[in-house]
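Please keep the sequence and the model in view while reading.

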Amino acid sequence: MKLFKCYDCAESFKSESKDEVLIMLFNHYMKSHKEIITNNSEAEKLVWMDTFDSDWAKVHETTG
Ligand SMILES: [Zn+2]
């Protein structure tokens, strides 16, 4: 399990897989930070995905 914290608030999400945590993050952003999704250009979204990719790779496995 990896624990990934939201970039824009204190919430965090626990998951085994990157795809799953992306869906959790997306749903969370649509609910809590919708203006960030709607204000971002396609280029900014690509930068966000790159940042997410490298940050996810750096997260250490946790138990539980
Ligand atoms: Zn958040």
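Two residues are said to be in contact, or to touch, if their C-beta atoms, placed from the backbone, lie within 7 Å. The model shown here is predicted. The protein chain contains 3 helices and 2 strands, and from the N terminus on these elements follow the order β-β-α-α-α. The radius of gyration is 12 Å, close to the 11 Å that the globule rule gives for 64 residues, so the chain is as compact as a globular protein of that length.

**The chain as a whole**

- Along its principal axes, the C-alpha trace of the protein chain spans about 35 × 20 × 15 Å.
- Buried residues make up 5% of the 64 residues in the chain.
- Among contacts with a separation of 6 or more, 38% are between residues 24 or more positions apart.

**The two strands**

- Strand β1 covers residues 2–5, and strand β2 covers residues 12–15.
- The two strands run antiparallel and are joined by 4 bridges.
- A hairpin of 6 residues leads from β1 to β2.
- Two of the residue pairings can be followed in the model: Leu3 has Lys14 in β2 as its bridge partner, while Phe4 has Phe13 in β2 as its bridge partner.
- In a regular strand the side chains alternate between the two faces of the sheet.
- Lys5 also belongs to strand β1.
- Is Lys5 buried or exposed? Lys5 is exposed, because 12 other C-beta atoms lie within 10 Å, and a residue counts as exposed at 12 or fewer.
- Lys5 and Asp19 are 14 residues apart along the chain, and their C-alpha atoms are separated by 15 Å.

**Helix α1: Val21 and His28**

- Helix α1 covers residues 18–32 and includes Val21; His28 is found in helix α1 as well.
- Val21 is buried, because 20 other C-beta atoms lie within 10 Å, and the cut-off for a buried residue is 20 or more.
- Which residues does Val21 touch, not counting residues up to four places away in sequence? Val21 touches Phe4, Phe13, Ser15 and Trp56.
- Phe4 and Phe13, both touched by Val21, are also bridge partners of each other.
- The C-alpha atoms of Val21 and Leu46 are separated by 17 Å, and these residues are 25 positions apart along the chain.
- His28 counts as partly exposed, because it has 16 C-beta neighbours inside 10 Å.
- His28 touches Cys6 and Glu11, not counting residues up to four places away in sequence.
- His28 and Trp48 are 20 residues apart in sequence, and the distance between their C-alpha atoms is 15 Å.
- An α-helix has 3.6 residues a turn, so residues three or four places apart point the same way.

**Helix α3**

- Helix α3 covers residues 42–58 and has 17 residues.
- At 1.5 Å a residue, helix α3 should span 24 Å; its end C-alpha atoms are 25 Å apart, which agrees.
- How many of the 17 residues of α3 are buried? The number buried is 0, so α3 lies largely in the open.

Conventions: Residues numbered from 1 in each chain as written. Predicted model: local features only at pLDDT ≥ 70, side-chain atom pairs only at ≥ 80, totals over all residues. Rg over C-alpha atoms; globule rule 2.2 N^0.38 Å. Pairing = 2+ DSSP bridges. Expected span 1.5 Å × (residues − 1).
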